Amino acid sequence: NEPPDSTVEYAHRDGAPRTGGAAWIKNGPRVGDFISMSLDDPDWTSALTLTAFPPSRERSETAWPVVWSRPRGARVQDGAHSEQAQA
């Protein structure tokens, strides 16, 4: 396994900063560089995997589309109904 390019930090609900994941810059033949992230927290029922793709210049996009998923069989909390979504 290759070491991550970055660590992911966030503010926990108690206000304290936490390291909650890692990110890698990867390259695909059709999309070029993209970001792959793994996020986890002891308070969560399971980890999240996110992939962020660069905006498409051809479609005048300005935001990075993000695809996220949880492992199959993961419990969903707080009324979330989808195992995979695109933001």
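How many residues lie between strand 1 and strand 2 in their hairpin, and which residue in the turn has a positive phi? I started there and got 5 residues between the two strands, with Gly 15 in the turn at a positive phi of about 90°.

**Ground rules**

I am working from a predicted model, where local features need pLDDT of at least 70, side-chain atom pairs count only at pLDDT 80 or more, and totals for chains, interfaces and linings use all residues. Residues are numbered from 1 along each chain as its sequence is written, and side-chain values use heavy atoms, with hydrogens and water left out.

**Entry 1: the overall layout**

I looked up the elements and found 0 helices and 6 strands in the protein chain. From the N terminus they read β-β-β-β-β-β. These are DSSP runs numbered from the N terminus: helices are H or I with at least four residues, strands are E with at least two.

Next I checked the surface. The accessible surface of the protein chain is about 6,600 Å², and carbon and sulfur atoms hold 50% of that; the areas come from the Shrake-Rupley method with a 1.4 Å probe, and for residues only the protein chains shown count as cover. Of the 87 residues, 25% count as buried. Buried is under 20% relative accessible area, exposed is over 50%, and partly exposed is in between (1.4 Å probe, protein chains only).

I also looked at contacts, meaning heavy atoms within 4.5 Å. Among those in the protein chain with a separation of 6 or more, 12% come from residues 24 or more positions apart.

**Entry 2: who pairs with whom**

Strand 1 (residues 6-11) and strand 2 (residues 17-28) run antiparallel to each other over 6 bridges. Two strands pair if DSSP finds at least two bridges between them. I picked out Ala 11, and its bridge partner in strand 2 is Pro 17.

Further along, strand 3 and strand 4 pair in the antiparallel sense over 5 bridges, with Met 37 opposite Leu 50 in strand 4. Strand 4 also pairs with strand 5, again in the antiparallel sense, over 4 bridges. In that pairing Ala 52 stands opposite Val 66 in strand 5.

Is strand 4 mostly covered or mostly open? I found it mostly covered, with 4 of its 5 residues buried.

Then I went for the largest nonpolar core: 8 residues, namely Val 8, Ala 23, Met 37, Leu 39, Leu 48, Leu 50, Ala 52 and Val 66. Strand 3 (32-39) and strand 4 each give at least two residues to this core, and the largest share, 3 residues, is from strand 4. The term means a set of buried Ala, Val, Leu, Ile, Met, Phe, Trp, Tyr and Cys residues joined through side-chain atoms within 4.5 Å. I noted the general background too: in soluble globular proteins, nonpolar side chains tend to be buried together.

I followed up Ala 52. Not counting residues up to four places away in sequence, Ala 52 touches Phe 34, Ile 35, Trp 64, Pro 65 and Val 66.

**Entry 3: salt bridges**

How many salt bridges does a search of the whole structure find? I got 2, counting a side-chain nitrogen of Lys or Arg within 4 Å of a carboxyl oxygen of Asp or Glu.

One joins the side chains of Arg 18 and Asp 41 at 2.7 Å, N to O. This pair links distant parts of the chain, 23 residues apart: Arg 18 is in strand 2, and Asp 41 is in the loop between strand 3 and strand 4. Asp 41 is buried at 4% relative accessible area, whereas Arg 18 is partly exposed at 26%. Setting aside neighbours within four places in sequence, Asp 41 contacts Tyr 10, His 12 and Arg 18.

Glu 61 and Arg 59 meet in a salt bridge at 3.3 Å, N to O. Glu 61 is partly exposed at 29%, and Arg 59 is exposed at 60%.

**Entry 4: the loop between strands 4 and 5**

I checked two residues here. Phe 53 lies in the loop between strand 4 (48-52) and strand 5 (66-69) and is partly exposed, with a relative accessible area of 25%. Beyond its neighbours within four places in sequence, Phe 53 contacts Val 31, Phe 34, Trp 64, Pro 65 and Val 67.

Ser 60 is in the loop between strand 4 and strand 5 and is exposed at 61%. Its phi is near 55°, a positive value in a residue other than glycine. I flagged it because most residues other than glycine have a negative phi.
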